Amino acid sequence: MKFWEYVLKRVLLFIPVLFGTIILIFLMSRLLPGNPVRLMLGPDAPMSQIIQVTNELGLNKPLYIQLEIFFINFFEGKLGMSFLTYRDVSIDIAQYFPASLEEAIFAILIALLIGIPLGLAAGIKQNKTTDNIARVYAISGISFPNFYIAILLILIFGYYLKILPISGQINPFIPPPQRITGMVVIDSLITGDWPAFVSSIRHIILPAFVLSISPTAQIVRLLRAGIIENKNKPYYLTMLSNGMNIEILNRKYLFKVSFIPTLSILGLLFASIISFAYVVETVFAWPGLGRYIANAVLYTDYNAIVGGTIVIVIIFMVVNFAMDLIYKYFDPRIRYD
Amino acid sequence: MKNPKNISKRILASFGIGSFKNIKNENVKLEEFLFKFKRNKLAIVGLSIFIILIFLAVFANWIAPYPQDAGIAVHFNQTLQPPSFKHIFGTDDLGRDIFSRILFGLRYTLIAGLTIPIIGALIGVTLGLIAGYFGKKIGTVIMRITDVFLSIPPLVIALLVISVLGPGLLNIIIALSIDWWSWYVRMVQAEVLVIREQNFVEASYILGSSKFRIIFSHILPNAIFPVIVKITLDMGYAILNVASLGFLGLGITPPTPELGYLVAEGRLFLPNDWWISTFPGLFIFLAILSINLLGDGLRDIFDVEVT
């Protein structure tokens, strides 16, 4: 029962923080110096037009009324109208969100698939070749600007080798699958649409890989450090000298313990994936949320920026919160008080 | 009755170099620090590259063969030329020398990358010290506000701030600093909570030191290590963020030759005129790499755990 009490307590604490964040973002967008209407309309706009647009957007009302209107709309699911697409921002977000989710899931999968074996090998065979390769990869991984490596990969795979496609989510000449979840790979898998499935997989490899480089590097680094630390602990050496099979030993005992710190940064990894998704999405013309917001910033689409930021922040907080709970559930050293 | 010979050592000590206790509670002196540093080859490589880059950026005016190209000059008679003796890295679509632009862009990128973590650290460490030492009400308020900022992914807020403030170097610095300081508050507050319980702090209090003196002369030098390492690691990350923002053209007014923006400019001309994108990107990579190597080396030496 103790764990559930803890969960309840955390949820109760989480909600005001969530509200506080939304209010904070809203205040920032309204209170920072700089006139967004001016930025939107350009420097030559006549005063009358500026006043008109300001009234339309409701920016001239006192702050608490604006906040009230915003929250009323928010709970009805409306986030204001986008200047570029003339649709409600929430509709735009609902359309682009699954693509970003798909990309993020694949990126984390790739990061885990590559990072865990590499980190394990680096830790177990410390200071040998595998370890050095892994360490170089880890450092380069976090040092490489992701747009740079995206461009390089596009050049290599898209242009010189002509293996993988350069942009978009699916080949434009292949009819897209029926929209169930909105994620093209999963939808084509569910509906059994084989050409669409192959095409979408081919399209998602590069963006997901580029996004996964930085998390992979961090996973390798942390896992390696964890393994090295635990390798010299007495219980490990005792079991080893008692003749235990080293494979079972590593897999069953060493890995789980060393993996715990990595689990704890999964939230941070997710943060970095969300944060840098917009760069990768722009380079690959991937129709995701990041690109939507980056575009909105470029064209100063005010409602889209604020709405998109709030949605991303909410998602991030919820995911972080969930991961925090999961982590606390599995770590036997935590006391729930 | 201050001994003048010891003043320099005391100043260094106040920064934590000299006599300090690391995580194993040993006394490590300055010579030992340098010795360890020299043994860590990667850190030396990182430091050398970093010094070269700073040198290039500071003396860009004198080193750049065509300094006016970093500004408004255009030369339509020499557009899109590949690397040659005349233009080491070639020219872009407006005939501007890429090498000169990179040098000036390096200034921009390095300034942003260096100031953002420092500003974040200044604010964050101060708040963290207050929160950790004075505890209870003030501490809780500060930590709750920090929690709000911590739960926001960094770039998203930066995008928001830039969209309202408009482009420019100062605005990028402000935008990225807003989310940065929250990490320092959490780190310093945890450190202060631990250090506060130690005997020497209690002894100092009994001897009648003012709170100010306790915080600045005793707690701060011991809490500063993870912060210094984190600043160095963060610099690389800050440069990455600035370059990413510049790549999308956010926060840049042309013709400012910010390195990320240079890569974006050259993207249109791939793969034929590859030199426009490749070299700026290479410099971004070197900058981040050198700082990361340096930060890693420092972290190895100080034996500190940093998130």
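The largest nonpolar core of this predicted model has 158 residues, and those with the most contacts inside it are Ile273(A), Val280(A) and Val227(B). A nonpolar core here is a set of buried Ala, Val, Leu, Ile, Met, Phe, Trp, Tyr and Cys residues joined through C-beta atoms within 7 Å. A residue counts as buried if 20 or more other C-beta atoms lie within 10 Å of its own, as exposed if 12 or fewer do, and as partly exposed in between, with C-beta atoms placed from the backbone. Helix α10(B) gives the largest share of this core, 19 residues. Leaving aside residues up to four places away in sequence, Ile273(A) touches Ala104(A), Ala107(A), Ile108(A), Leu211(A) and Pro215(A). Two residues are in contact, in this report, if their C-beta atoms, placed from the backbone, lie within 7 Å.

A word on conventions: residues are numbered from 1 along each chain as its sequence is written, while chains are lettered from A and ligands numbered from 1 in the order in which they are written. As this is a predicted model, local features need pLDDT of at least 70 and side-chain atom pairs count only at pLDDT 80 or more, whereas totals for chains, interfaces and linings use all residues.

## The two chains

Here are the chains side by side. Helices (H or I, at least four residues) and strands (E, at least two) are DSSP runs, numbered from the N terminus.

| Chain | Secondary structure | Buried residues |
|---|---|---|
| Chain A | 14 helices, zero strands | 38% of 337 residues |
| Chain B | twelve helices, two strands | 46% of 307 residues |

Now for contacts between residues at least 6 apart in sequence: in chain A, 69% of them join residues at least 24 apart. For chain B, the share that joins residues at least 24 apart is 69%.

## Where the chains meet

Between the chains, 37 residues of chain B are in contact with 40 residues of chain A. On the chain B side, α6 (136–150), α7 (154–165), α10 (211–247), α11 (259–267) and α12 (275–302) each supply at least two of the touching residues. Helix α7(B) gives the most, with ten residues. By class, this side of chain B has 25 nonpolar, nine polar and three charged residues. For these classes, Ala, Val, Leu, Ile, Met, Phe, Trp, Tyr, Cys and Pro count as nonpolar, Asp, Glu, Lys and Arg as charged, and the others, Gly among them, as polar.

## Helix α9(A) and two of its partners

Let us turn to helix packing in chain A. Helix α6 (residues 129–143) of chain A packs with α9(A) at an angle of about 140°, their axes 8 Å apart. That makes α6(A) oblique to α9(A), because angles under 35 degrees count as roughly parallel, over 145 as roughly antiparallel, 65 to 115 as roughly perpendicular and the rest as oblique. Axes are lines fitted to C-alpha atoms, for helices over the stretch in contact, and angles run from 0 to 180 degrees between N-to-C directions.

The crossing of α6(A) past α9(A) is left-handed. A crossing is left-handed if the near helix is turned anticlockwise from the far one by less than a right angle, and right-handed if clockwise. From α6(A), the residues Ala134(A), Tyr137(A), Ala138(A), Gly141(A) and Ile142(A) meet a set in α9(A) that includes Ile213(A), Ser214(A), Ala217(A) and Arg221(A). Seven residues of this contact are nonpolar, four polar and two charged.

Helix α7 (residues 146–160) of chain A and helix α9 (residues 194–231) of chain A have axes that come within 10 Å and cross at roughly 140°. This crossing of α7(A) and α9(A) is right-handed. Asn146(A), Ile149(A), Ala150(A), Leu153(A) and Phe157(A) of α7(A) make the contact with Leu206(A), Val210(A), Ile213(A) and Ser214(A) of α9(A). By class, the contact of α7(A) with α9(A) has seven nonpolar, two polar and no charged residues.

Ala285(A) sits in the loop between α12 (266–284) and α13 (289–298) of chain A. Its phi is near 55°, a positive value in a residue other than glycine. Ala285(A) is partly exposed, with 14 other C-beta atoms within 10 Å.

Asn295(A) is placed in helix α13 of chain A and counts as partly exposed, with 18 C-beta neighbours inside 10 Å. The C-alpha atoms of Asn295(A) and Ile51(A), 244 residues apart along the chain, are separated by 25 Å.

In chain B, Asn272(B) lies in the loop between α11 and α12. Asn272(B) is exposed, with 7 other C-beta atoms within 10 Å.
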